[in-house]
Amino acid sequence: MTLITTFVTFIALLAWAWGSALWAHGAGTDSVPWAVYTQSFYLSGVLSIGLMSLAMVLAVRLTWLERPFGGIDQMYRLHKWTGIAAVGFAAMHWLLEMADDIVKALYGRAGRPAEQEYGGWLGALQDVGEEMGEWAIYVALAMLVITLWKRFPYHLWRHLHRVMPVLYLGVALHSAVLAPADYWAHPIGWLLAGLLTVGSLAAGWTLTGQVGRSRRYAATVVSVQTPTPGVTELVCRVQGAWRGHQAGQFAFLTLNWFEGAHPFTIASAPHGDGLVTFQIKALGDFTRQLGHRAQPGQPVTVEGPYGQFKLSRQRRSARQIWVAGGVGVTPFLAWLDSLAEATWQGGAAPEADLHYFTRQAADDPFARQLRTRCAAVPSVKLHVHESNIGLTPTPPEQLVAESAQAGQRTEVWFCGPAGLGQRVRAGLKRKLGWRLRFHQEAFEMR
Ligand SMILES: Cc1cc2nc3c(=O)[nH]c(=O)nc-3n(C[C@H](O)[C@H](O)[C@H](O)COP(=O)(O)OP(=O)(O)OC[C@H]3O[C@@H](n4cnc5c(N)ncnc54)[C@H](O)[C@@H]3O)c2cc1C
């Protein structure tokens with residue numbers, strides 16, 4: 001299931017449910033301008049709360065949803081885009097509310113649908129719901145700005161983002177008490193009730209600190225090395241009933257509470273001894289300081305394993321092309337480690353072309369590790385491409401496409417910068433069409 005398909009299908013489902021209520025009851029007015037205004041107002045509200053509920057559910061790391069969505073990393077990407085779209089529709093809903101006077105001035109009050117006002121405690125709840133809706137939009141818009149502004153430090157963003165489940169509960173109340181009463185007798189009402197229930201449960205789960213708890217383990221740093229400036233290799237021993245990982249999966253690593261958990265691929269194969277190796281590139285504050293801050297013997301927390309970028313998911317019948325850019329090499333290091341062990345035990349490794357893109361192989365510890373590991377797995381043919389060699393570079397998509405044969409089903413596993421991924425995917429799509437199956441690990445969640 002691609003992320004775009006899920007997103008579009010979900011929006012279509014909400015729009016259909018809204019449309020079925022409109023079909024059954026009409027717009028509640030004979031005036032066309034008021035009908036358009038009112039229904040746009042309701043539709044934007046339905047889309048906003050529906051997408052917000054989906055975003056809430058996607059954030060609670062439900063491992064049984066990993067397979068259909070292609071991994072927690074992909075679920076977080078969908079969470080991000082559903083969240084952004086939800087705030088967009090909420091802003092539209094709010095602007096329409098504000099535009100009420102303009103519609104009145106242009107078309108008069110005639111044909112304006114009657115407002116549904118309740119007395120007693122329900123009326124009081126409606127007032128609270130309205131207030132909450134207004135505050136929620138201000139907070140959500142501010143959150144949207146700092147989310148899209150990539151320079152805003154992640155560790156601060158992470159703390160501010162914790163307000164979202166509280167905000168969701170406020171918006172859920174707003175929707176429950178202000179949705180048209182006749183909705184509850186139609187599919188739109190049943191859908192909204194279901195979404196508000198699961199969204200509120202997800203918000204409660206998050207607020208009580210339950211997210212990922214069952215997969216959180218105490219661990220100890222065994223060794224810290226710096227094979228080259230800017231890269232830290234951290235080996236940890238996970239204690240307790242660590243369920244073990246599959247080659248290619250990742251885990252969240254926490255050194256201290258304030259900094260929070262950072263996702264890193266487990267760059268070693270599972271050996272059943274609780275040891276996990278992380279190869280970490282200095283890309284920001286935390287990763288730059290890691291080499292000095294982490295000490296052997298230090299207690300850390302490892303949460304996982306997560307992810308569907310697994311060696312075991314390959315289709316052996318398809319041609320295999322593996323593509324790594326920079327630190328995106330880590331899942332392939334784990335795959336090769338695992339395959340070397342299987343080969344040593346008499347198992348068969350798949351035939352694959354592994355393309356690795358780096359600036360300069362001579363200073364790159366990953367290029368050295370790849371050469372050593374590929375030597376132990378001869379069925380994997382390594383191609384190292386350097387962008388700093390001073391020659392006119394061949395476009396990466398062309399370099400990768402040389403390993404593909406038109407007309408042959410091909411599985412591509414990609415991990416690296418998003419721009420490189422788009423180019424490689426587009427180049428292969430042109431050559432292979434529907435025969436291409438492209439798996440991509442997203443190294444970015446925000
Ligand atoms: C599934 C996955 C696997 C990854 N595997 C590796 C790996 O094997 N080796 C490696 O070097 N890097 C890996 N990364 C990237 C790594 O998580 C980030 O580089 C690191 O968290 C940056 O933290 P920072 O504070 O140094 O940088 P910052 O400058 O604070 O952040 C840079 C960017 O990293 C991301 N990021 C930062 N903190 C977090 C967090 N707590 N949770 C999620 N995203 C965060 C955000 O997109 C942020 O904009 C992986 C990322 C993901 C999602």
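## Ligand shell and sheet

E4 gives the most to the shell around the ligand, with five residues. Strands (E, at least two residues) and helices (H or I, at least four) are DSSP runs, numbered from the N terminus. This is a predicted model: local features need pLDDT of at least 70, side-chain atom pairs count only at pLDDT 80 or more, and totals for chains, interfaces and linings use all residues. Residue numbers start from 1 along each chain as its sequence is written.

**The shell.** There are 25 residues around the ligand. Thr-265, Gly-284, Phe-286, Thr-287 and Thr-330 come nearest. A residue is near a molecule if its C-beta atom, placed from the backbone, lies within 6 Å of it.

By type, the shell holds 12 nonpolar, seven polar and six charged residues. Nonpolar means Ala, Val, Leu, Ile, Met, Phe, Trp, Tyr, Cys and Pro; charged means Asp, Glu, Lys and Arg; the others, Gly among them, are polar. Domain 1 (3-207) and domain 2 (213-306) each give at least three residues to the shell. Their bounds come from an automatic or database domain assignment.

**The sheet.** Six strands form an open sheet in the order E4-E3-E6-E1-E2-E5, with antiparallel pairing. E4 and E5 are the edge strands, and each pairs on one side only. Pairing requires at least two DSSP bridges between two strands. Strand E3 (residues 250-254) runs antiparallel to E4, joined by five bridges. Thr-254 has Ala-261 in E4 as its bridge partner.
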